[in-house]
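Subject: Structure handover

Hello,

Here is the structure you are taking over. Please open it beside this message and read the notes below with it.

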Amino acid sequence: MKVTQEKLPASQIGLSIEIPAEKSQQTYDQVIQKLTRTMNVPGFRKGKVPRQILLQRLGAVQVKAAALEELIQTGITEAIEQEAIQAIGQPQLRSSFEELIAQYEPGKALHFLAAVDVQPEVNLTQYTGLQVKAEEVKYKPEKVDQLIAEQQSEMATLIPVEGRAAALGDVAIVDFKGYLAQEGEEEPQAIAGASADDFQLELQQERFIPGFIDGIVGMQPGETKEVAAQFPEDYPQPDVAGRAAVFTVTLKELKEKELPELNDDFAQEVSEFQTLNELRSSLEERFRAEAERQTKANKEKALIDELVKHLEVDLPETLIEKEVNAMLTQAAVQLSQQGIDVKKLFTQESVAKLRENSRPEAIERLRSALALQEVARRESITVENSEVEAKAKEILAQYSNEDIDVKRLREVVEEDLLREKITRWLEEHNTIELLPEGSLSASEAEASTEDEPVAATTTDVAASDRPASTDSTEEIEAS
């Protein structure tokens with residue numbers, strides 16, 4: 001079999017394949033024999049159908065197409081083996097199948113074009129002497145006080161209030177129903193899910209859409225009023241995002257918080273610690289470690305981002321698709337663990353959109369991984385089996401009651417240890433300038449915004465009323 005190679009874009013090898021005449025005839029005859037053994041024709045025993053009758057019944061084109069498919073499949077497989085090509089993914093036919101059918105004559109040589117993805121050639125033009133900047137995250141003592149204050153608020157006793165109007169910080173029991181504001185005399189349109197009875201909420205402005213809390217502040221218990229509010233432009237429900245709304249609100253009860261005393265009893269109530277000092281010390285240690293982890297992550301990201309700028313690689317579609325699949329699978333598993341019905345969420349249309357949106361991140365992740373792998377290859381950075389086993393045993397001991405795929409665990413551990421060694425090597429051979437937190441980006445402000453729930457419909461509002469911060473009892477107990 002004659003095979004000629006050529007390099008194509010996107011890390012593909014083009015193959016020009018010529019099937020010998022005898023192979024062309026042999027495959028055609030074998031296909032006819034196979035069809036003869038399986039086809040039922042009245043008046044003939046199975047396996048005894050004459051070739052001419054078979055061709056009349058099936059049609060010469062259909063038989064040629066079946067033979068052609070066999071020739072192409074075996075031809076590509078044998079060509080890859082013959083040329084010792086390290087192929088990844090499924091080969092592709094570059095010739096037109098319809099044109100091949102028209103040209104194909106059993107007993108004559110068959111020529112067609114194919115392509116196959118291969119591992120990309122990686123060229124890293126520089127990976128030492130890089131100068132990068134990263135934000136240094138410092139420990140903030142006030143985070144300890146903030147977390148304890150939030151938990152103190154959650155542990156508060158609610159005392160009924162009489163003789164005054166609602167004020168910020170109170171806890172209100174309300175009935176509400178929301179409508180989209182309409183122009184003219186149009187009938188108000190009820191907002192799906194935006195209603196609740198005996199709903200308890202803490203009067204904190206930052207936790208609800210603009211106008212909702214302001215409208216309740218100043219109401220007297222037993223009073224009903226219309227409250228104007230405005231959904232933000234970036235509200236997650238597209239049908240109400242950016243639109244004005246009116247809520248009919250009845251204030252049924254009003255309560256204020258009586259905070260528990262911050263003492264050893266409080267510490268024992270919200271954590272495994274016996275004293276308040278022990279709780280504070282643990283939280284301080286936790287937030288210091290968290291600041292160090294964030295700084296380390298910032299340094300690593302800055303190094304890799306700069307490293308990738310010096311990477312030259314043509315990514316094959318096979319690797320991109322594989323990475324996209326891995327990302328979607330990971331997202332599905334996480335959503336499933338949260339109790340979300342993934343089958344309903346991942347429709348054919350939504351998956352197609354997710355795949356499209358995931359491509360840029362998949363490409364970025366692949367480029368980062370290939371750049372790090374190239375550094376490891378050039379500098380002979382490896383991980384010993386003993387290191388992997390020791391770390392895997394440590395993790396298994398922590399999760400002894402859970403069903404863990406040990407083989408996959410070892411793979412992940414090896415990947416993490418290798419990445420850690422590579423980034424440590426890069427830190428030692430490049431220069432990182434640490435800058436104050438927030439000086440390079442607005443990531444901290446964006447993160448705090450994401451942590452704040454926006455509430456107005458039952459989906460959002462009717463969840464248990466809790467502080468805007470994501471820190472909670474579980475976080476204190478986990479410390």
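Glu300 touches Arg419 and Thr423, leaving out residues up to four places away in sequence; contact means heavy atoms within 4.5 Å. This is a predicted model, in which local features need pLDDT of at least 70 and side-chain atom pairs count only at pLDDT 80 or more, while totals for chains, interfaces and linings use all residues. Residues are numbered from 1 along each chain as its sequence is written, and side-chain values use heavy atoms, with hydrogens and water left out.

Glu300 is part of helix H8, residues 276-309 (helices are DSSP runs of H or I with at least four residues, strands are runs of E with at least two, and both are numbered from the N terminus). The side chains of Glu300 and Arg419 are also joined by a polar contact of 2.8 Å. A polar contact is a pair of N or O atoms within 3.5 Å; within protein, one must be able to donate a hydrogen and the other to accept it, and residues adjacent in sequence count only if both atoms are side-chain atoms.

The whole structure has 28 salt bridges (a side-chain nitrogen of Lys or Arg within 4 Å of a carboxyl oxygen of Asp or Glu). One of them pairs Arg280 with Asp145, with the closest N and O atoms 2.8 Å apart. Arg280 lies in helix H8 and Asp145 in helix H5 (residues 142-154), so this pair ties together parts that are 135 residues apart in sequence.

Two backbone angles are also listed. Asp198, in strand S9 (residues 189-202), has a phi near 50°, a positive value in a residue other than glycine. Ser380, in the loop between helix H11 (348-379) and helix H12 (385-398), has a positive phi near 55° and is likewise not glycine.

Regards
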